[in-house]
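Thanks for asking me to look this one over. Here are my notes, point by point, to read with the model open beside you.

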Amino acid sequence: MRLLTRYLAKEIYSSLLLVFAALIMLFAFMDLIQELSDIGEGNYRIGDVLLYVALIIPGHIYELFPLAALIGTIFAVVQMASNSELMVYRSSGVSLKQMIVAMLKIGLPLVVTCFVFGEFIAPPSDRLAQQLILKAKNTNMTLKEFRSGVWVKDEHSFVNIKNVMPDTSLLGVSIYEFDDTYHLRTITSAQRAGYVSKEQWLLEGVRQTSFDSQGSSINNQDKLEWRSTLNPRLLNVLLLLPEKMSSWDLYQYARHLNDNHQKTGRYEIAMWNKLVYPVAVLIMMLLALPFASYHRREGGISSKIFIGIVLGLSFHFGGKLFSNLGALNDWQPMLSATAISWLYLVVAMVLMWRTERR
(Lines give C-alpha, C1' and ligand atoms only; values in the text may rest on other atoms or scores of the structure.)
Protein backbone atom coordinates (compact mmCIF):
# COMPACT_ATOMS: atom_id res chain seq x y z
CA MET A 1 0.00 0.00 0.00
CA ARG A 2 2.90 2.36 0.73
CA LEU A 3 4.20 1.75 -2.80
CA LEU A 4 0.78 2.65 -4.24
CA THR A 5 0.63 5.85 -2.18
CA ARG A 6 4.09 6.97 -3.33
CA TYR A 7 3.39 6.19 -6.97
CA LEU A 8 -0.06 7.80 -6.87
CA ALA A 9 1.41 10.88 -5.16
CA LYS A 10 4.06 11.20 -7.87
CA GLU A 11 1.44 11.02 -10.62
CA ILE A 12 -0.96 13.45 -8.92
CA TYR A 13 1.71 16.01 -8.03
CA SER A 14 3.16 16.04 -11.54
CA SER A 15 -0.33 16.40 -13.06
CA LEU A 16 -1.15 19.15 -10.56
CA LEU A 17 1.95 21.13 -11.55
CA LEU A 18 0.99 20.91 -15.22
CA VAL A 19 -2.57 22.03 -14.50
CA PHE A 20 -1.37 24.90 -12.33
CA ALA A 21 1.08 26.03 -15.00
CA ALA A 22 -1.68 26.10 -17.63
CA LEU A 23 -4.22 27.87 -15.41
CA ILE A 24 -1.78 30.47 -14.08
CA MET A 25 -0.54 31.27 -17.59
CA LEU A 26 -4.14 31.68 -18.74
CA PHE A 27 -5.15 33.93 -15.84
CA ALA A 28 -1.93 35.97 -16.04
CA PHE A 29 -2.50 36.54 -19.76
CA MET A 30 -6.09 37.65 -19.11
CA ASP A 31 -4.92 40.02 -16.36
CA LEU A 32 -2.25 41.42 -18.67
CA ILE A 33 -4.76 42.10 -21.44
CA GLN A 34 -7.11 43.79 -18.97
CA GLU A 35 -4.40 46.04 -17.51
CA LEU A 36 -2.87 47.07 -20.84
CA SER A 37 -5.88 49.30 -21.50
CA ASP A 38 -4.98 51.38 -18.41
CA ILE A 39 -1.41 52.15 -19.50
CA GLY A 40 -0.90 55.91 -19.56
CA GLU A 41 -3.29 56.58 -16.68
CA GLY A 42 -1.23 58.65 -14.27
CA ASN A 43 2.25 57.09 -14.13
CA TYR A 44 1.02 53.59 -14.96
CA ARG A 45 3.54 52.01 -17.35
CA ILE A 46 4.25 48.56 -18.80
CA GLY A 47 6.69 47.77 -15.98
CA ASP A 48 3.96 48.48 -13.42
CA VAL A 49 1.58 46.24 -15.37
CA LEU A 50 3.99 43.30 -15.34
CA LEU A 51 4.74 43.78 -11.64
CA TYR A 52 1.03 44.01 -10.82
CA VAL A 53 0.25 40.81 -12.75
CA ALA A 54 3.09 39.03 -10.94
CA LEU A 55 1.88 40.21 -7.52
CA ILE A 56 -1.66 38.89 -7.94
CA ILE A 57 -0.50 35.42 -9.07
CA PRO A 58 -0.36 34.07 -5.46
CA GLY A 59 -4.02 35.02 -5.07
CA HIS A 60 -4.87 33.09 -8.23
CA ILE A 61 -2.92 30.08 -6.97
CA TYR A 62 -4.94 30.10 -3.74
CA GLU A 63 -8.29 30.46 -5.53
CA LEU A 64 -7.47 27.80 -8.11
CA PHE A 65 -6.16 25.18 -5.67
CA PRO A 66 -9.36 23.06 -5.40
CA LEU A 67 -10.00 23.25 -9.16
CA ALA A 68 -6.39 22.35 -9.98
CA ALA A 69 -6.46 19.50 -7.43
CA LEU A 70 -9.63 18.10 -8.99
CA ILE A 71 -8.40 18.30 -12.61
CA GLY A 72 -4.89 17.07 -11.74
CA THR A 73 -6.20 14.11 -9.75
CA ILE A 74 -8.72 13.19 -12.46
CA PHE A 75 -5.98 13.31 -15.10
CA ALA A 76 -3.67 11.13 -12.96
CA VAL A 77 -6.23 8.45 -12.01
CA VAL A 78 -7.75 8.25 -15.51
CA GLN A 79 -4.27 7.91 -17.02
CA MET A 80 -3.45 5.12 -14.57
CA ALA A 81 -6.80 3.44 -15.19
CA SER A 82 -6.29 3.57 -18.96
CA ASN A 83 -2.97 1.72 -18.47
CA SER A 84 -4.75 -0.81 -16.20
CA GLU A 85 -2.50 0.16 -13.29
CA LEU A 86 -5.37 0.84 -10.89
CA MET A 87 -7.01 -2.44 -11.92
CA VAL A 88 -3.85 -4.27 -10.90
CA TYR A 89 -3.82 -2.53 -7.54
CA ARG A 90 -7.49 -3.28 -6.86
CA SER A 91 -7.04 -6.90 -7.98
CA SER A 92 -4.16 -7.29 -5.55
CA GLY A 93 -6.50 -6.56 -2.64
CA VAL A 94 -6.44 -2.77 -2.24
CA SER A 95 -9.86 -1.70 -0.93
CA LEU A 96 -11.74 1.51 -1.53
CA LYS A 97 -11.07 2.53 2.06
CA GLN A 98 -7.33 2.15 1.51
CA MET A 99 -7.58 4.21 -1.67
CA ILE A 100 -9.37 6.97 0.26
CA VAL A 101 -6.74 6.92 3.01
CA ALA A 102 -3.97 7.11 0.39
CA MET A 103 -5.71 10.06 -1.27
CA LEU A 104 -6.03 11.87 2.07
CA LYS A 105 -2.33 11.36 2.81
CA ILE A 106 -1.42 12.71 -0.61
CA GLY A 107 -3.76 15.68 -0.21
CA LEU A 108 -2.58 16.74 3.25
CA PRO A 109 0.58 18.58 2.01
CA LEU A 110 -1.61 20.31 -0.59
CA VAL A 111 -4.01 21.46 2.15
CA VAL A 112 -1.10 22.94 4.11
CA THR A 113 0.27 24.64 0.99
CA CYS A 114 -3.15 26.11 0.17
CA PHE A 115 -3.51 27.40 3.73
CA VAL A 116 -0.06 29.02 3.64
CA PHE A 117 -0.88 30.78 0.36
CA GLY A 118 -4.25 31.98 1.68
CA GLU A 119 -2.91 33.24 5.01
CA PHE A 120 0.67 34.38 4.54
CA ILE A 121 1.45 34.88 0.84
CA ALA A 122 -1.63 35.99 -1.12
CA PRO A 123 -2.99 38.73 1.25
CA PRO A 124 0.23 40.79 1.52
CA SER A 125 0.93 40.23 -2.17
CA ASP A 126 -2.56 41.46 -3.11
CA ARG A 127 -2.12 44.45 -0.82
CA LEU A 128 1.18 45.36 -2.49
CA ALA A 129 -0.52 45.04 -5.88
CA GLN A 130 -3.32 47.40 -4.82
CA GLN A 131 -0.84 49.91 -3.41
CA LEU A 132 1.12 49.77 -6.66
CA ILE A 133 -2.03 50.53 -8.65
CA LEU A 134 -2.95 53.39 -6.34
CA LYS A 135 0.50 54.97 -6.45
CA ALA A 136 0.89 54.61 -10.22
CA LYS A 137 -2.58 55.73 -11.28
CA ASN A 138 -3.27 58.49 -8.78
CA THR A 139 -0.30 60.21 -7.16
CA ASN A 140 -2.52 62.75 -5.34
CA MET A 141 -4.13 60.16 -3.10
CA THR A 142 -2.66 58.06 -0.31
CA LEU A 143 -4.23 55.47 1.97
CA LYS A 144 -3.80 54.14 5.48
CA GLU A 145 -5.95 51.55 7.27
CA PHE A 146 -6.47 51.65 11.03
CA ARG A 147 -8.98 50.23 13.47
CA SER A 148 -10.89 53.51 13.09
CA GLY A 149 -11.41 52.77 9.40
CA VAL A 150 -9.76 53.82 6.17
CA TRP A 151 -7.97 57.16 5.90
CA VAL A 152 -7.56 58.75 2.48
CA LYS A 153 -5.58 61.89 1.64
CA ASP A 154 -7.47 63.71 -1.09
CA GLU A 155 -5.55 66.87 -2.11
CA HIS A 156 -6.11 69.28 0.86
CA SER A 157 -8.51 66.97 2.68
CA PHE A 158 -8.22 63.89 4.87
CA VAL A 159 -11.16 61.51 4.60
CA ASN A 160 -12.06 58.83 7.13
CA ILE A 161 -14.37 56.02 5.94
CA LYS A 162 -15.81 53.65 8.51
CA ASN A 163 -17.18 51.08 6.07
CA VAL A 164 -17.50 50.45 2.33
CA MET A 165 -20.61 48.63 1.19
CA PRO A 166 -20.63 46.08 -1.70
CA ASP A 167 -22.25 48.72 -3.95
CA THR A 168 -19.26 51.03 -3.10
CA SER A 169 -21.47 53.41 -1.11
CA LEU A 170 -19.71 54.72 2.01
CA LEU A 171 -20.91 54.62 5.61
CA GLY A 172 -19.62 56.88 8.36
CA VAL A 173 -17.71 59.46 6.30
CA SER A 174 -15.70 62.24 7.97
CA ILE A 175 -13.97 64.88 5.83
CA TYR A 176 -11.30 67.12 7.38
CA GLU A 177 -10.59 69.99 4.98
CA PHE A 178 -7.50 72.20 5.38
CA ASP A 179 -6.55 75.46 3.69
CA ASP A 180 -3.25 76.21 1.91
CA THR A 181 -1.59 77.05 5.21
CA TYR A 182 -2.67 73.69 6.69
CA HIS A 183 -5.20 75.20 9.09
CA LEU A 184 -8.36 73.17 9.64
CA ARG A 185 -11.22 74.85 7.77
CA THR A 186 -14.17 72.43 7.99
CA ILE A 187 -15.12 69.05 9.43
CA THR A 188 -17.92 67.36 7.52
CA SER A 189 -19.52 64.20 8.92
CA ALA A 190 -22.04 62.17 6.92
CA GLN A 191 -23.93 59.00 7.70
CA ARG A 192 -23.74 57.83 4.09
CA ALA A 193 -22.18 58.84 0.76
CA GLY A 194 -23.27 57.65 -2.69
CA TYR A 195 -21.40 58.10 -5.95
CA VAL A 196 -23.31 60.28 -8.42
CA SER A 197 -20.99 61.00 -11.35
CA LYS A 198 -17.37 61.82 -12.14
CA GLU A 199 -15.76 63.35 -9.01
CA GLN A 200 -19.21 63.89 -7.53
CA TRP A 201 -20.63 62.30 -4.36
CA LEU A 202 -23.88 62.91 -2.51
CA LEU A 203 -23.58 63.02 1.28
CA GLU A 204 -26.62 62.16 3.42
CA GLY A 205 -27.24 63.00 7.07
CA VAL A 206 -24.61 65.75 7.08
CA ARG A 207 -23.22 67.69 10.04
CA GLN A 208 -20.68 70.33 9.00
CA THR A 209 -18.51 72.31 11.42
CA SER A 210 -16.76 75.38 9.98
CA PHE A 211 -13.81 77.22 11.57
CA ASP A 212 -12.77 80.83 10.97
CA SER A 213 -11.25 83.76 12.83
CA GLN A 214 -14.59 84.41 14.56
CA GLY A 215 -14.83 80.88 15.94
CA SER A 216 -16.82 77.88 14.80
CA SER A 217 -20.30 77.26 13.44
CA ILE A 218 -22.35 74.08 12.95
CA ASN A 219 -24.64 73.43 10.01
CA ASN A 220 -26.89 70.35 9.70
CA GLN A 221 -28.16 69.31 6.28
CA ASP A 222 -30.05 66.32 4.92
CA LYS A 223 -27.94 66.20 1.76
CA LEU A 224 -24.77 67.84 0.49
CA GLU A 225 -22.75 67.49 -2.70
CA TRP A 226 -19.10 66.57 -2.25
CA ARG A 227 -16.49 66.85 -4.99
CA SER A 228 -13.59 64.41 -4.68
CA THR A 229 -11.16 62.51 -6.88
CA LEU A 230 -12.17 59.42 -4.94
CA ASN A 231 -14.33 57.10 -7.08
CA PRO A 232 -15.72 53.53 -6.88
CA ARG A 233 -12.94 52.16 -9.04
CA LEU A 234 -10.33 53.58 -6.69
CA LEU A 235 -12.21 52.14 -3.73
CA ASN A 236 -11.82 48.68 -5.20
CA VAL A 237 -8.10 49.41 -5.41
CA LEU A 238 -7.86 51.00 -1.98
CA LEU A 239 -9.57 48.27 -0.03
CA LEU A 240 -8.93 44.56 -0.06
CA LEU A 241 -12.12 42.57 -0.37
CA PRO A 242 -12.86 40.38 2.66
CA GLU A 243 -12.23 37.30 0.49
CA LYS A 244 -8.64 38.48 -0.02
CA MET A 245 -7.85 39.13 3.64
CA SER A 246 -6.28 36.58 5.97
CA SER A 247 -8.53 34.76 8.43
CA TRP A 248 -6.75 36.41 11.38
CA ASP A 249 -7.34 39.90 9.96
CA LEU A 250 -10.96 38.98 9.29
CA TYR A 251 -11.38 37.74 12.86
CA GLN A 252 -9.92 40.93 14.30
CA TYR A 253 -12.00 43.16 12.03
CA ALA A 254 -15.19 41.21 12.80
CA ARG A 255 -14.53 41.72 16.52
CA HIS A 256 -13.97 45.42 15.88
CA LEU A 257 -17.30 45.69 14.04
CA ASN A 258 -19.07 43.73 16.76
CA ASP A 259 -17.66 46.03 19.45
CA ASN A 260 -19.06 48.97 17.49
CA HIS A 261 -22.47 47.27 17.06
CA GLN A 262 -22.08 46.84 13.30
CA LYS A 263 -22.96 43.86 11.11
CA THR A 264 -20.22 41.23 10.99
CA GLY A 265 -21.89 38.56 8.82
CA ARG A 266 -19.94 39.19 5.62
CA TYR A 267 -16.58 39.15 7.42
CA GLU A 268 -17.40 36.10 9.55
CA ILE A 269 -18.48 34.18 6.45
CA ALA A 270 -15.25 35.19 4.71
CA MET A 271 -13.25 34.09 7.77
CA TRP A 272 -14.87 30.64 7.82
CA ASN A 273 -14.36 30.39 4.07
CA LYS A 274 -10.65 31.01 4.54
CA LEU A 275 -10.46 28.30 7.20
CA VAL A 276 -12.52 25.72 5.29
CA TYR A 277 -11.29 26.41 1.74
CA PRO A 278 -8.01 24.42 2.06
CA VAL A 279 -10.01 21.36 3.18
CA ALA A 280 -11.91 21.62 -0.12
CA VAL A 281 -8.71 20.37 -1.78
CA LEU A 282 -9.23 16.98 -0.09
CA ILE A 283 -12.89 16.94 -1.08
CA MET A 284 -12.02 17.64 -4.72
CA MET A 285 -9.46 14.82 -4.70
CA LEU A 286 -12.03 12.41 -3.26
CA LEU A 287 -14.48 13.59 -5.92
CA ALA A 288 -11.91 12.62 -8.56
CA LEU A 289 -11.55 9.07 -7.21
CA PRO A 290 -14.68 7.65 -8.94
CA PHE A 291 -13.11 8.62 -12.27
CA ALA A 292 -10.66 5.76 -11.67
CA SER A 293 -13.31 3.43 -13.08
CA TYR A 294 -12.22 4.35 -16.60
CA HIS A 295 -14.01 2.86 -19.59
CA ARG A 296 -13.04 3.83 -23.11
CA ARG A 297 -16.62 3.53 -24.34
CA GLU A 298 -17.58 6.34 -21.91
CA GLY A 299 -15.22 8.81 -23.59
CA GLY A 300 -11.53 9.67 -23.49
CA ILE A 301 -9.46 11.57 -20.97
CA SER A 302 -10.55 14.91 -22.46
CA SER A 303 -14.19 14.25 -21.59
CA LYS A 304 -13.23 13.41 -18.00
CA ILE A 305 -11.18 16.62 -17.78
CA PHE A 306 -14.14 18.60 -19.11
CA ILE A 307 -16.42 17.09 -16.45
CA GLY A 308 -13.77 17.95 -13.83
CA ILE A 309 -13.65 21.58 -15.01
CA VAL A 310 -17.45 21.83 -14.83
CA LEU A 311 -17.50 20.34 -11.32
CA GLY A 312 -14.67 22.59 -10.16
CA LEU A 313 -16.26 25.75 -11.54
CA SER A 314 -19.65 24.84 -10.08
CA PHE A 315 -17.96 24.36 -6.68
CA HIS A 316 -16.21 27.74 -6.97
CA PHE A 317 -19.28 29.74 -8.02
CA GLY A 318 -21.60 27.72 -5.78
CA GLY A 319 -19.45 28.66 -2.80
CA LYS A 320 -19.69 32.35 -3.73
CA LEU A 321 -23.47 32.00 -4.13
CA PHE A 322 -23.92 30.45 -0.67
CA SER A 323 -21.64 33.11 0.88
CA ASN A 324 -23.56 35.98 -0.71
CA LEU A 325 -26.94 34.48 0.21
CA GLY A 326 -25.71 33.97 3.76
CA ALA A 327 -24.57 37.59 4.03
CA LEU A 328 -27.84 38.92 2.60
CA ASN A 329 -30.12 36.72 4.71
CA ASP A 330 -28.04 36.73 7.92
CA TRP A 331 -27.53 32.96 7.85
CA GLN A 332 -25.24 31.32 10.35
CA PRO A 333 -21.71 32.20 9.05
CA MET A 334 -20.14 28.77 9.46
CA LEU A 335 -23.07 27.08 7.69
CA SER A 336 -22.96 29.59 4.82
CA ALA A 337 -19.22 29.02 4.38
CA THR A 338 -19.25 25.22 4.60
CA ALA A 339 -22.55 24.32 2.89
CA ILE A 340 -21.04 23.82 -0.59
CA SER A 341 -18.16 21.74 0.84
CA TRP A 342 -20.57 19.43 2.68
CA LEU A 343 -22.67 19.10 -0.47
CA TYR A 344 -19.71 18.08 -2.62
CA LEU A 345 -18.42 15.70 0.05
CA VAL A 346 -21.79 13.93 -0.03
CA VAL A 347 -21.64 13.85 -3.86
CA ALA A 348 -18.14 12.36 -3.73
CA MET A 349 -19.23 9.66 -1.24
CA VAL A 350 -22.31 8.76 -3.29
CA LEU A 351 -20.28 8.49 -6.51
CA MET A 352 -17.66 6.31 -4.82
CA TRP A 353 -20.38 4.05 -3.38
CA ARG A 354 -22.04 3.67 -6.80
CA THR A 355 -18.69 3.02 -8.49
CA GLU A 356 -17.80 0.37 -5.88
CA ARG A 357 -21.14 -1.40 -6.37
CA ARG A 358 -20.53 -1.56 -10.11
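1. Asp330 is exposed, with a relative accessible area of 54%. Look for Asp330 in the loop between α10 and α11. Its phi is near 60 degrees, a positive value in a residue other than glycine. Please keep in mind throughout that this is a predicted model.

2. Tyr182 also deserves a look. Tyr182 is not a glycine, yet it has a positive phi of about 65 degrees. It sits in the loop between β4 (170–178) and β5 (184–197). Is Tyr182 buried or exposed? Tyr182 counts as exposed because its relative accessibility is 67%, and the cut-off for that label is over 50%.

3. Now for the whole chain. The protein chain has 11 helices and 7 strands, and its C-alpha trace spans about 95 × 45 × 30 Å along the principal axes. Of its 358 residues, 46% count as buried. If we take contacts between residues at least 6 apart in sequence, 62% of them join residues at least 24 apart.

4. On to the interior. In soluble globular proteins, nonpolar side chains tend to be buried together. In this model the largest nonpolar core has 55 residues, and Phe20, Val77, Met103, Val281 and Met285 have the most contacts inside it. Elements that give two or more residues to this core include α1 (2–36), α5 (96–137) and α11 (333–357). The element that gives the most is α3, with 15 residues.

5. You will find Asn160 in strand β3 (residues 157–164). Asn160 counts as buried because its relative accessibility is 4%, where the cut-off is under 20%. A polar atom of the Asn160 side chain lies 3.4 Å from the backbone oxygen of Val150.

6. Last, the surface and the charges. The protein chain exposes about 19500 Å², with carbon and sulfur atoms supplying 61% of that area. The chain carries 33 positive and 29 negative charges, and their mean positions are 12 Å apart.

Technical notes
Residues numbered from 1 in each chain as written. Predicted model: local features only at pLDDT ≥ 70, side-chain atom pairs only at ≥ 80, totals over all residues. Heavy atoms only, no water. Helix = DSSP H or I, 4+ residues; strand = E, 2+ residues; numbered from the N terminus. Buried < 20%, exposed > 50% of the residue type's maximum accessible area, 1.4 Å probe, protein only. Contact = heavy atoms within 4.5 Å. Areas by Shrake-Rupley, 256 points an atom, 1.4 Å probe, with all protein chains shown as cover. Lys, Arg positive; Asp, Glu negative; His and termini not counted. Charge placed at Lys NZ, Arg CZ, Asp CG, Glu CD. Core = buried A, V, L, I, M, F, W, Y, C linked by side-chain atoms within 4.5 Å. Polar contact = N/O pair within 3.5 Å; in protein donor to acceptor, adjacent residues only side chain to side chain.
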